[in-house]
Amino acid sequence: MTNTGDFRRYSVANDINVSIDKYFSASRTSTAPKYEPRHEETPEFKVGGNSNKKSRKDIEREQKATFATAFTLLISLVLVVAMLYGAISTMAKKNELTKEIGRYESKLTIAQSENVRLNSQLNSLVSMSMIDKYAVEELGMSKASANKMMFIDVSQYKTERQAAALRLIEQNKEQNKK
């Protein structure tokens, strides 16, 4: 019985990889040189006298220029911070007002829907059929028929009222004369 995983039974004599390894060996014949880090000479800094001496006026002029530059930078920084604060506070106020507008718009929508509801309720109460129903059921009235109608002549009433008004005017005039 043979083991199927046993590869020793195959010959490698004709294999090309084996023949290349035979002629080109990867082993070294000599040792590699030892690594030595290079020590470059570090330049030595020498402290010596300054050949370019500045006068007191030149030094004061440079100090003033430096102070002016620092002051300009400080003012610029303050202006940038102020503008940033203004922009942020403006955005915050805008957001606050937008929320307030939203609240008022929702209140307006609610009020408009309530108005529509009340107008429809009013229209249903004022309709002629509701008035007739209320008159008949609540007040005990009945619809008038031609035989139940009574007509009044107002011309006689009108003349009597006018005569009474004229008498009152004359009496007032007599009292004013006295």
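This note sets out numbered points on the fold, the surface and the side-chain contacts of the structure above.

1. Model and overall fold. The structure is a predicted model. Its protein chain contains four helices and zero strands, and the order of elements along the sequence is α-α-α-α.

2. Burial and surface. Of the 178 residues in the protein chain, buried residues account for 1%. The accessible surface of the chain amounts to about 18600 Å², and carbon and sulfur atoms contribute 60% of that area.

3. Helix α4. This helix runs over residues 154-177 and comprises 24 residues. From its first C-alpha to its last, α4 spans 35 Å, which is close to the 34 Å expected at 1.5 Å a residue. Helix α4 is also hardly covered, since the number of buried residues among its 24 residues is zero.

4. Salt bridges in general. Side chains of opposite charge can pair when their charged atoms come close. The structure has three salt bridges, and they are taken in turn in the next three points.

5. Glu62 and Lys54. These two residues form a salt bridge in which the closest N and O atoms lie 2.7 Å apart. Glu62 is partly exposed, because its relative accessibility of 42% falls between the limits of 20% and 50%. Lys54 is likewise partly exposed, with a relative accessible area of 49%.

6. Arg61 and Asp58. A second salt bridge joins the side chains of Arg61 and Asp58, with an N to O distance of 2.9 Å. The two residues are three apart in helix α2 (residues 56-126), so about one helical turn separates them. Arg61 is exposed, at a relative accessible area of 53%, whereas Asp58 is partly exposed at 27%.

7. Arg117 and Glu114. Here the closest N and O atoms of the salt bridge are 2.5 Å apart. Both residues belong to helix α2, where they stand three residues apart, about one turn of the helix. Arg117 is partly exposed at 41% relative accessibility, and Glu114 is partly exposed at 34%. As a general rule, an α-helix has 3.6 residues a turn, so residues three or four places apart point the same way.

8. Aromatic pair. The count of aromatic pairs comes to one. The ring centres of Phe67 and Phe71 are 6.3 Å apart and the ring planes meet at 20°, so the pair is stacked.

9. Is Phe67 buried or exposed? At 58% relative accessibility, Phe67 counts as exposed, because the threshold for that class is over 50%. Phe71, at 48%, counts as partly exposed.

Methods:
Residues numbered from 1 in each chain as written. Predicted model: local features only at pLDDT ≥ 70, side-chain atom pairs only at ≥ 80, totals over all residues. Heavy atoms only, no water. Salt bridge = Lys/Arg side-chain N within 4 Å of Asp/Glu carboxyl O. Buried < 20%, exposed > 50% of the residue type's maximum accessible area, 1.4 Å probe, protein only. Expected span 1.5 Å × (residues − 1). Areas by Shrake-Rupley, 256 points an atom, 1.4 Å probe, with all protein chains shown as cover. Phe/Tyr/Trp six-rings, centres within 6.5 Å; stacked < 30°, edge-to-face > 60°.
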